[in-house]
Amino acid sequence: MTLNLTVNHSNSGDTTAVACDSFTWYGTTYTSTPAVAPMHVFSNIAGCDSTVTLNLTVNHSNTGDTTAMACGSFDWYEHTGITASTETLTHVFSNITYTVSGDYTYSHLDNNGCTQVDTLHLTIGNRVVVKDTVATCDSYEWNGRMYTESGDYTFDTTTVNGCDSIVLLNLTINHSADTTISMMHKGSIEWNGMTYSESGTYERILTTVTGCDSVVTLNLVILPEDFVMPYLYNLMDVMLSVNHNEEGMENVHYIYYRWYRDGELVLEGPNYDSYSEGGNRLNGCYYLEVAVDESMQYWVRSNEVCIGTTGIEEAENIDFTIAPNPVMHGSMVNVSVDGADMQGAEIRVYDLQGRMLVLQKDSGIIEAPQASGMYMVRLTLSDGRTAVKRLIVK
């Protein structure tokens with residue numbers, strides 16, 4: 001008997017695979033790299049059992065989230081390609097500039113060749129310019145600073161998104177108009193809807209046209225019904241009299257007098273209704289205050305008289321002579337001007353209270369007053385020139 005024997009051999013083999021996320025092999029799906037290499041047994045063409053071993057690596061896709069806040073714009077990379085080398089894959093990215101808030105994604109292959117999806121959650125904040133317009137009274141506090149004048153002001157700040165911003169303030173400052181009014185009146189007076197009959201200081205709060213509260217103060221002096229306002233008469237720049245005109249009329253007596261020269265008090269008392277400086281020509285600006293009543297709490301001011309620096313003897317360039325001078329009371333006095341005719345001339349004699357005692361026309365002969373003292377002789381020529389000299393009567 002003859003044996004014809006054929007011996008067939010089993011086969012074995014290895015399969016190496018790299019996959020992303022999952023791999024199916026002979027009906028079995030793998031989602032991760034097996035800890036033990038799977039094997040598959042099958043019959044080869046000779047009918048012998050054969051074994052194949054799978055060396056499997058499962059790589060997983062990645063995802064990424066990026067949250068960003070930026071001012072104006074934000075640069076983010078985008079995958080543009082892969083460069084292969086013998087050992088690694090090099091991924092190529094480029095920047096894209098985004099200027100609008102939103103969610104942005106892009107997909108690319110990671111170094112394992114798996115698809116990776118990255119998401120950008122982007123908030124774009126912009127530079128903010130805010131303009132405020134404010135109108136207020138007297139002052140305005142803004143961002144820790146006090147402003148008292150109208151104008152345009154700026155303040156640099158940061159938004160909630162961290163972006164530099166600017167606030168513009170157009171400010172109008174309306175000022176309160178505090179006012180003091182001094183008023184004299186006889187009897188009662190109505191002021192801002194109220195009637196006042198006593199001297200005093202009164203205040204009212206009023207509103208200006210711009211809406212600001214303002215204080216108006218009234219210094220009110222109520223005068224007696226028979227009160228005569230003080231008025232200064234200038235007697236040839238040598239004497240000032242109160243309520244005496246050139247004819248010596250309107251002699252009004254006040255309770256108390258205060259005389260001022262160039263703003264300084266120079267004379268005061270109860271009987272000083274005239275003012276002179278020893279017969280010399282006055283020099284300066286003069287005014288008078290008189291008391292309204294016995295309390296001397298309220299005063300009334302006269303008009304102001306300003307007199308220059310020309311001396312008495314030089315006034316109007318008249319050189320006239322008084323003789324004799326001094327003279328005995330009641331004696332005759334001769335007033336003359338060299339080379340001048342006394343026709344049409346006037347000679348007036350005043351006492352130191354400003355009262356005219358003598359008026360002589362067309363003649364240079366006058367009678368000296370009966371009372372001893374100093375007097376003022378005023379000579380007026382027919383051409384209008386005038387001069388004043390002193391006369392002493394014994």
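Student: Which residue does a disulfide join to C20?
Tutor: A disulfide joins C20 to C114, with an S to S distance of 2.3 Å. The term disulfide denotes a pair of cysteine sulfur atoms within 2.5 Å. This is a predicted model, in which local features need pLDDT of at least 70 and side-chain atom pairs count only at pLDDT 80 or more, while totals for chains, interfaces and linings use all residues. Residues are numbered from 1 along each chain as its sequence is written, and side-chain values use heavy atoms, leaving out hydrogens and water.

Student: Where do C20 and C114 sit in the chain?
Tutor: C20 belongs to strand 1 (residues 12–20), and C114 to the loop between strand 9 (102–109) and strand 10 (115–125). The two are 94 residues apart, and the pair links distant parts of the chain. A strand here is a DSSP run of E with at least two residues, numbered from the N terminus.

Student: And C114, is that buried or exposed?
Tutor: C114 counts as buried, at 0% relative accessibility. C20 is partly exposed, at 29%. Buried means under 20% relative accessible area, exposed means over 50%, and partly exposed lies in between, with a 1.4 Å probe and protein chains only.

Student: How many disulfides does the structure hold?
Tutor: The structure holds three disulfides. One of them is formed by C137 and C212, whose sulfur atoms are 2.1 Å apart. With -95 degrees about the S-S bond, this link is left-handed. C137 is partly exposed at 27%, whereas C212 is buried at 0%.

Student: What about C285 and C306, why is that disulfide right-handed?
Tutor: The disulfide of C285 and C306 is right-handed because the torsion about its S-S bond is about 115 degrees. C285 lies in strand 26 (residues 284–291) and C306 in strand 28 (residues 305–307), so the pair ties together parts that are 21 residues apart in sequence.

Student: Changing topic: in what order do the four strands of the open sheet come?
Tutor: The order is 32-31-34-35, and the pairing is antiparallel. Two strands pair if DSSP finds at least two bridges between them. The edge strands, each pairing on one side only, are strand 32 (356–361) and strand 35 (386–393).

Student: How many bridges join strand 31 to strand 34?
Tutor: Five bridges join strand 31 (residues 346–350) to strand 34 (residues 373–380).

Student: Which residue in strand 34 is the bridge partner of Y350?
Tutor: The bridge partner of Y350 in strand 34 is M376.
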